Amino acid sequence: MEPTTDRLKTPRAAGMAGVAFALLLAAAIVLMRISIPGDAADATIDQDRRWAVQLALQIVPFAGIFFLWFMGALRAHTGDAEDRFIATVFLGSGFVFVAALFAAAAAAGTVLNEETPSDFGRHYAYTLLATYAMRMAAVFVLATSMIGRTLGVFPRPLAMLGTLVGLILIVVGSGVPWSELLFPAWALVISLYILRVRRTAAPRDRSGPP
């Protein structure tokens with residue numbers, strides 16, 4: 001029974017880490033969006049906006065840490081049945097997403113040193129976040145949804161939702177402002193589902209076999 005107990009602990013960890021990641025990433029995206037103007041006509045950053053950028057930069061590393069934990073726990077939950085090709089795409093897109101997210105945060109941090117942010121600084125930060133990081137996030141969502149649908153880890157509506165979110169992120173990219181929030185919203189839905197499954201599975205595990 002010990003392997004079963006260890007396996008039941010993994011989805012709970014994934015759900016908790018996923019909730020933390022979703023909330024932190026959403027907060028960081030909102031703070032960066034309202035702090036660093038995307039429009040050249042509103043290029044001045046006041047003191048309140050500088051404070052918001054500093055807070056976002058403090059949040060991003062923790063969001064990345066929770067995402068790695070979330071990603072590792074999800075992979076452990078699939079076990080040995082996972083497809084190696086899809087698992088490679090899953091891991092690669094997750095790692096590149098974290099790297100691009102950290103690079104976008106670093107680029108946004110350089111704007112703090114400028115009274116009037118340059119067009120290059122704003123464009124560079126937004127390109128890293130909305131184009132590269134979010135498209136890697138889209139690949140991660142698509143791979144996760146495919147794994148969940150193939151192995152029966154997620155119900156069909158949840159897998160279809162992930163496919164839709166992934167396609168929107170990979171097609172839209174930076175064309176629609178605030179579309180980046182779709183990724184943390186998806187992670188939150190997945191995490192809450194995992195936590196609900198964990199709560200329903202725990203009583204059956206404690207009761208033992210009939």
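Which residues are exposed on the other side of α5?

The model is a predicted one, in which local features need pLDDT of at least 70 and side-chain atom pairs count only at pLDDT 80 or more, while totals for chains, interfaces and linings use all residues. Residues are numbered from 1 along each chain as its sequence is written, and side-chain values use heavy atoms, with hydrogens and water left out.

The protein contains six helices and zero strands, where helices (H or I, at least four residues) and strands (E, at least two) are DSSP runs numbered from the N terminus. Along the sequence this gives the pattern α-α-α-α-α-α. Of the 210 residues in the protein, 46% are buried; here buried stands for under 20% relative accessible area, exposed for over 50%, and partly exposed for what lies in between, with a 1.4 Å probe and protein chains only. The accessible surface comes to about 10700 Å², and 66% of that surface belongs to carbon and sulfur atoms, the areas coming from the Shrake-Rupley method with a 1.4 Å probe and, for residues, with only the protein chains shown counted as cover.

Helix α5 covers residues 156-172, and its 17 residues reach 24 Å from the first C-alpha to the last, close to the 24 Å expected at 1.5 Å a residue, the expected span being 1.5 Å times one less than the number of residues. Within α5, Leu158, Ala159, Gly162, Val165, Gly166 and Leu169 are buried. They cover an arc of only 125° around the axis, which puts them on the same side of α5; the arc is that of the directions from the helix axis to the C-beta atoms. An α-helix has 3.6 residues a turn, so residues three or four places apart point the same way. On the other side of α5, the exposed residues are Arg156, Pro157, Met160 and Val171.

Leaving out residues up to four places away in sequence, Phe154 touches Thr144, Gly148, Ala159, Ile190 and Tyr193. The C-alpha atoms of Phe154 and Ile190 are separated by 8.6 Å, although the two residues are 36 apart along the chain. Arg122 lies in helix α4 and counts as buried at 4% relative accessibility; its C-alpha is 9.6 Å from that of Thr110, which is twelve residues away in sequence.

Helix α3 (residues 84-110) holds Ala100, which is buried with a relative accessible area of 10%. Beyond neighbours within four places in sequence, Ala100 is in contact with Leu128, Tyr132 and Ala133. Between Ala100 and Thr127 the C-alpha distance is 9.8 Å, for a separation of 27 residues in sequence.

Val19 lies in α1 and counts as buried at 19% relative accessibility. With neighbours within four places set aside, Val19 is in contact with Leu188, Ser191, Leu192 and Leu195, and the C-alpha atoms of Val19 and Leu188, 169 residues apart along the chain, are separated by 5.3 Å. Val30, also found in helix α1, is partly exposed, with a relative accessible area of 31%. Together with Ile34 and Trp178, Val30 forms a nonpolar patch on the surface, with about 240 Å² of accessible area. Such patches are made of residues with over 30% relative accessible area and no salt bridge, like charges being joined within 9 Å and nonpolar side chains (Val, Leu, Ile, Met, Phe, Trp, Tyr) within 5 Å; a salt bridge is a side-chain nitrogen of Lys or Arg within 4 Å of a carboxyl oxygen of Asp or Glu.

Technical notes
Contact = heavy atoms within 4.5 Å.
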